[in-house]
Amino acid sequence: MPLAEKRRKRALKADGADDRHALQRLLSARSISKHTLGQILAQLREDPELANSRIGSIEAAGASIFESVKRSLIVGVGGDTFRWDFCDPNMLMARMLHECPHLAAHYVERLQLNPCSESQPWSLVVTYDELTPGSIAHPQPYRKTLTLAFNFLELGAACLNVGSTWFVPVAVRTKMIEKAVGGLSECLALYLEAHLLGDLSIQTAGVSFVCNGQAYTIWARLTNLCADGEGLKIGLDVKGYAGIRACIRCQNVLKKDSRLAHRRPGFVEITCADYSRFVLSTPDDLNREVDAVLAACAEFKAGRMSQNMLNECEKAYGINANPTGILANMRLRQCFSVVDVLTEDWMHGALQDGILNCACECFLESVSGKLSLPEDGLKDFLKANWQFPKVFRAKLLNMWRIVDKEGMPLKATASELLGFYVLLRYYVNVVIVPMAASQAVDIEAELAPFYAACKVVDKIMALKRGHADAPHREELLGDLQSAMAECISLHVARYGTREIKPKHHRMQHIADQIRKDLYVLDCWVIERLHLIIREILGNVRNPVEFEASVLRGVCLKQMMTLKDTVLAGLIGPTAPLQGFPFATIANRMRFCGMYISIGDVVTRNGIPARVTACAVEDDYFVLVEVWLATGVAQRWRPTDDVQAWKVEELELAAAWYADGDDVVVLEMV
Ligand SMILES: [Zn+2]
């Protein structure tokens with residue numbers, strides 16, 4: 001061999017060319033990332049025997065959890081049938097608690113605070129939502145999937161705010177459910193029967209698990225069925241927009257422009273802002289109404305009533321006749337009343353084409369007509385060097401993109417809108433209000449409904465951040481109720497009723513809901529779960545075994561995530577804190593569902609500080625550099641005064657930016 005070639009070969013070898021070739025071959029395999037490959041290789045080093053695994057054993061490992069809890073139902077779809085595979089919810093829960101000792105230990109901790117027995121059951125929350133796989137640019141609507149998850153209110157915010165603690169027994173293609181004879185409502189009823197009824201259900205026998213050698217049992221009854229407005233409408237056979245009656249929770253609330261409210265004493269429309277005027281439905285009211293609609297349906301089927309009359313009857317009650325639906329199910333009526341368990345998702349009500357979107361859009365449109373606002377002023381303001389808590393940073397950094405030329409927020413995600421309104425309110429205070437004053441233009445009528453809508457979200461977020469079960473919650477709930485009333489009355493006073501939607505009315509029930517649950521339930525958690533499920537959906541190509549394939553992946557992924565999940569405490573690598581032999585520090589921590597990272601700005605009693613370490617000794621606390629007031633509202637000056645603050649006393653700041661030597665800090669107030 002010529003010398004040059006030898007040398008070249010030697011150089012390649014020294015460069016690891018053989019290894020590199022093998023790694024390149026692995027990396028080029030479909031959809032494997034560098035990170036995943038790294039994890040696989042690390043696992044192989046730990047357990048070299050794994051290298052002998054064949055495809056059969058891989059499949060068996062993937063299927064074992066789902067196969068052990070699988071349940072199938074035959075559902076009528078048109079003239080045909082569909083085999084619906086899902087997880088038996090009670091078996092799934094028992095299996096997960098068996099596999100994940102961390103979670104079981106948390107259940108035991110909460111059982112000590114909230115003892116549970118057959119006569120004193122826990123509160124079961126069931127939530128469902130649809131997920132469209134693919135990207136925003138390339139959605140795959142034909143693979144749209146309904147996912148359903150459940151958890152227990154007694155587990156507290158620390159657990160409920162963590163997506164992986166919600167068990168997911170159902171993932172089913174929406175197109176199959178739509179074809180079912182009784183639609184989603186029938187499928188929900190079938191699912192709830194499996195969960196609540198039967199000899200081995202959570203309501204009758206309870207679900208048992210063992211923790212540290214001791215056996216425990218959880219009994220529960222359904223207290224919350226949570227979904228967005230559209231989900232509740234379809235799931236409960238409610239008419240919504242199309243009915244004369246706009247809200248099944250109220251006896252006397254009619255749709256907008258019904259032209260009937262003034263003729264019936266005591267009736268109001270959804271534009272009414274006075275909560276005390278609503279006559280709330282009782283379970284008996286609802287049962288009576290459902291029975292009336294079903295009787296009309298039976299008359300129609302017997303040929304004694306016209307289709308038209310049936311339609312009129314359905315519209316008047318605001319309920320669709322569905323003999324196999326959830327409202328008509330006599331067995332489930334023994335377990336719960338839909339009036340009591342119905343839980344509106346405030347996130348969709350306020351942030352997704354909801355009351356806050358409506359308030360921001362009306363405000364900006366009206367104000368830009370009255371004042372000569374600088375073109376792109378709001379966009380440039382949003383583009384400034386804003387910083388956000390690390391947990392939201394990736395979602396909010398490009399927030400300016402949601403604003404178009406006229407300053408109107410376009411389609412924004414709920415998280416983006418949550419960041420946006422805090423910044424917009426600051427922009428209004430420091431730019432728009434002074435400009436109106438200098439141009440001698442009165443914008444008071446525009447400001448008032450905008451501030452009211454912001455206040456609604458402020459109060460819900462405050463309750464969500466761990467205050468919903470605190471003694472001072474009544475004060476916050478009172479503020480929320482009055483802010484919501486103002487949000488409607490001030491809007492109607494300035495803009496009329498054109499933009500008022502049923503969501504405005506339904507948001508007036510949120511304060512009562514939180515008062516009952518001592519927790520702010522919303523679909524945020526299930527959206528976080530969707531991130532995991534979306535990834536799995538992307539890999540499922542099997543249309544015959546679709547449901548089983550997705551659930552196999554979800555069960556496995558959830559179990560592995562739960563094994564590593566820290567419900568409260570430091571996250572990632574830790575180190576001892578110098579000078580404090582019993583203290584440990586890390587870059588991140590989770591507390592009460594709140595993530596805090598180094599570099600975040602937190603506030604205590606309105607004073608901001610920058611986090612320099614997350615620590616645990618006996619308590620959880622953060623080391624911070626406390627900032628000094630400058631005398632100008634919301635402007636602070638960084639110092640190197642280091643203090644240790646207890647985490648339970650803190651709030652995360654919403655956003656901040658450095659302006660010269662000062663930092664502007666915005667809070668959700
Ligand atoms: Zn109502």
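Which strand pairs with β21 in the antiparallel sense over 5 bridges? Keep that in mind; the reply comes in point 7.

1. **What you are looking at.** This is a predicted model, in which local features need pLDDT of at least 70, side-chain atom pairs count only at pLDDT 80 or more, and totals for chains, interfaces and linings use all residues. Residues are numbered from 1 along each chain as its sequence is written.

2. **Domains.** The domain assignment gives domain 1 (3–52), domain 2 (68–237 + 324–344 + 522–564), domain 3 (238–321), domain 4 (347–517) and domain 5 (569–666). Such bounds come from an automatic or database domain assignment. Between the C-alpha centres of domain 1 and domain 4 there are 53 Å.

3. **Overall build.** The chain has 25 helices and 21 strands. Helices (H or I, at least four residues) and strands (E, at least two) are DSSP runs, numbered from the N terminus. The radius of gyration is 28 Å, close to the 26 Å from the globule rule for 669 residues, so the chain is as compact as a globular protein of that length. That radius is taken over C-alpha atoms, and the rule is 2.2 Å times the number of residues to the power 0.38. Along the principal axes, the C-alpha atoms fill a box of roughly 100 × 70 × 55 Å.

4. Buried residues account for 39% of the 669 residues in the chain. A residue is buried if 20 or more other C-beta atoms lie within 10 Å of its own, exposed if 12 or fewer, and partly exposed in between, with C-beta atoms placed from the backbone. Of the contacts between residues at least 6 apart in sequence, 65% join residues at least 24 apart. Here, a contact means that two C-beta atoms, placed from the backbone, lie within 7 Å.

5. Helix α21 (residues 473–495) has 23 residues, which at 1.5 Å a residue should span 33 Å; its end C-alpha atoms are 32 Å apart, which agrees. The expected span is 1.5 Å times one less than the number of residues. Among the buried residues of α21 are Leu477, Leu480 and Met484, and its buried residues pack against α16 (355–370), α20 (444–467), α22 (502–507) and α23 (510–517). Just after α21, Gly496 takes a positive phi of about 80°. Helix α16 has 16 residues and should span 22 Å, and its end C-alpha atoms are 23 Å apart, which agrees. Its buried residues include Leu356, Phe363 and Val367, and those buried residues pack against α15 (346–351), α19 (414–438), α20, α21 and α22.

6. Cys487 lies in helix α21. Is Cys487 buried or exposed? It is buried, with 29 other C-beta atoms within 10 Å. Leaving out residues up to four places away in sequence, Cys487 touches Ile355, Ala359, Pro449, Ala452, Ala453 and Val456. Pro449 is 38 residues from Cys487 along the chain, yet their C-alpha atoms are separated by 5.3 Å. In the largest nonpolar core, of 179 residues, Leu356, Tyr421, Val456, Cys487, Val602 and Val622 touch the most other members. A nonpolar core is a set of buried Ala, Val, Leu, Ile, Met, Phe, Trp, Tyr and Cys residues joined through C-beta atoms within 7 Å.

7. **Strands.** Now for the opening question: strand β20 (residues 655–659) is the partner that pairs with β21 in the antiparallel sense over 5 bridges. Two strands pair if DSSP finds at least two bridges between them. β20 and β21 form a hairpin with 2 residues between them, and Gly660 in the turn has a positive phi of about 65°. Elsewhere, 8 of the 8 residues of strand β4 (residues 145–152) are buried. β4 pairs in the antiparallel sense with strand β3 (residues 122–131) over 8 bridges and with strand β5 (residues 167–173) over 5 bridges.

8. **Two aspartates to check.** Asp237 has a positive phi of about 55° although it is not a glycine, and Asp353 also has a positive phi of about 55° without being a glycine. Asp237 sits in the loop between α10 (229–235) and β9 (253–254), while Asp353 lies in the loop between α15 and α16. With 25 C-beta neighbours inside 10 Å, Asp237 counts as buried, whereas Asp353, with 14, counts as partly exposed.
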